[in-house]
Amino acid sequence: MPEPTVPEPTPTRIGYVLKMYPRFSETFIVTEILAREALGADLEIFSLRAPVDPRFHDSLARVQAPVRYVPRVRRAEDLWTALATAREVLGPLPDRLLAELLAADAEDAAQALAVAVAARRSGLTHLHAHFASLATTVARLAALAAGITYSFTAHARDLFHEQVDDADVLRKAADAHHVVTISRFNVAHLRAIGVAPERVRLVYNGLDLEAFPARTGTDDDVEATPTTGLHVVGVGRLVEKKGFDDLLHAVAILRGRGHRVRATLVGGGELEERLRATSSALGLDDVVTFTGPLPQPQVRDVVGTADVLAAPCVVGSDGNADGLPTVVLEAMALGTPCVTTGVTGLGEAVVHESTGLVVDQHDPTGLAEAVARLDADPALARSLATAARALVQDRFDSRRQAAQLQAALAPEAAA
């Protein structure tokens, strides 16, 4: 058997391991990849699942990294082929790793070996995964097999859900070069379950601020603009943790109190039929619009021209919760005042009375009163929006995020 050829590695050859790429709702990953490429990182993307949504955001066209769709084993013969190829390219696997591969789901193990082989052949020096679930499972095994380092970004559902196994997260963190997470709230959680503090890096999700310019205008402009009523927008998947049921009830409360109000819900999801039924039952069909999912430029237009972005996030009955929704950062950058809840890391962006208004989760009355307050006090709304833009520029710039991620790979930064 010929000796495998191992290309000379370079310091910044990073493989991104993602469950599915591209994914319409995960614009933050594309933004991160673009920002790292702009800093000179040499990236390659591994997608463990084929995309299922034919819609793409235009920013995808700017990604330079090649994309590999990792084959899924369907037959026993495929698994044996994966093992034979891995042995040829990687050499004998250590007993500990072999035991882990045998204990893993067969498909995960085969994909991990395929990623390891591709990484070795491409001269990748590091793997990075998003979400501490499937993608990190595969990235970890692949990195151990290829003899390179790996890291992962922990978000929300991969930490806060009844099905999450903290011991599994802890095991992945223990082997990782470092662990990235997106809020101080998450940092505290990871430490609470036992992840070594020095291993965790707080890196907020970033935003391409050039793509989200702050709106311009004055009080006079606002007063001179004919109005069709207060426009409240909610953006996100139509699932329990987004709290859109509370938003519909808040709109009904506002209307019942005599406010001219309309609402737009952007997104699709498993609760769409139920939310539409709720809207009808509340008598809101003439003021609530369901647009379905929209490309990023259209989302930007809807959010940028709305009076208020409402993100009434809740902790779902299964423990699922949002981390720090990208659309909140986008609204803050665009200068649209935000009303949200204090769930998980949201309060690190929307600071009550400073960069937005924060209400209790599951409190449609409080949500309605916060929206009405912004409607009645344009100076307050403008002040919050100005401070929000400044905070996003300071804390959530994708260039800053990319620099932090690159710095985490420096030898002296190793955990």
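**Close-up views of a predicted model**

View 1. With a relative accessibility of 2%, histidine 130 counts as buried, because buried means under 20% relative accessible area. The model shown here and in every other view is predicted. Histidine 130 belongs to strand β4, which covers residues 126-130. Two polar contacts of its side chain can be followed here. One, of 3.0 Å, joins histidine 130 to the side chain of glutamate 32. Another, of 2.8 Å, joins histidine 130 to the side chain of histidine 155. Leaving aside residues up to four places away in sequence, histidine 130 touches Tyr16, Val17, Leu18, Phe28, Ile29, Glu32, Ala135, Thr153 and His155.

**View 2. The loop residue phenylalanine 131.** Phenylalanine 131 is found in the loop between β4 and α5, the latter spanning residues 134-146. Its phi is positive, about 80°, although phenylalanine 131 is not a glycine. Most residues other than glycine have a negative phi. Is phenylalanine 131 buried or partly exposed? Phenylalanine 131 has a relative accessible area of 21%, so it is partly exposed.

**View 3. Strand β1 and its two pairings.** β1 pairs in the parallel sense with strand β2 (residues 42-49) over 7 bridges. In this pairing, isoleucine 14 stands opposite leucine 43 of β2. β1 also pairs in the parallel sense with β4, here over 4 bridges. Valine 17 stands opposite alanine 129 of β4. Together, β1, helix α1 (residues 27-38) and β2 make a β-α-β unit that is right-handed.

View 4. Proline 22 lies in the loop between β1 and α1. What kind of peptide bond joins tyrosine 21 and proline 22? The bond is cis, with omega at about -10°. Most peptide bonds are trans.

View 5. β5 and β6 run parallel and are joined by 4 bridges. Phenylalanine 152 has valine 179 of β6 as its bridge partner. From β5 the chain crosses through α6 to β6, in a right-handed β-α-β crossover. β6 and β7 also run parallel, joined by 3 bridges. Here the bridge partner of valine 180 is arginine 201 of β7. The chain then crosses from β6 through α7 to β7, and this β-α-β crossover is right-handed.

**View 6. The buried face of helix α7.** Which residues of helix α7 (residues 184-192) are buried? They are Asn186, Val187, His189 and Leu190. Viewed down the axis of α7, these buried residues fall within an arc of 165°, so they line one face of the helix. The elements that cover them include β5 (149-154), α6 (166-175), β6 (178-181) and β7 (200-202). Just after α7 comes glycine 194, which takes a positive phi of about 115°.

**View 7. Valine 327 in helix α12.** Helix α12 spans residues 326-334 and contains valine 327. The relative accessibility of valine 327 is 10%, so this residue counts as buried. Not counting residues up to four places away in sequence, valine 327 touches Val235, Val303 and Leu309. Valine 327 and leucine 207 are 120 residues apart along the chain, and their C-alpha atoms are separated by 9.9 Å.

**View 8. Threonine 344 in a loop.** The loop between β12 (338-341) and β13 (357-359) holds threonine 344. The phi of threonine 344 is near 45°, a positive value in a residue other than glycine. Is threonine 344 buried or exposed? Threonine 344 has a relative accessible area of 12%, so it is buried.

**View 9. Confidence along the chain.** The mean pLDDT of the chain is 91, and 92% of the residues reach 70 or more. Over residues 1-10 the pLDDT is below 50, and this stretch has 12 contacts in the model beyond near neighbours in sequence. Over residues 219-226 the pLDDT is also below 50.

Definitions and conventions
Residues numbered from 1 in each chain as written. Heavy atoms only, no water. Buried < 20%, exposed > 50% of the residue type's maximum accessible area, 1.4 Å probe, protein only. Arc of directions from axis to C-beta. Contact = heavy atoms within 4.5 Å. Polar contact = N/O pair within 3.5 Å; in protein donor to acceptor, adjacent residues only side chain to side chain. Pairing = 2+ DSSP bridges. Right-handed = clockwise from strand over helix to strand, strands pointing away. pLDDT = per-residue confidence, 0-100.
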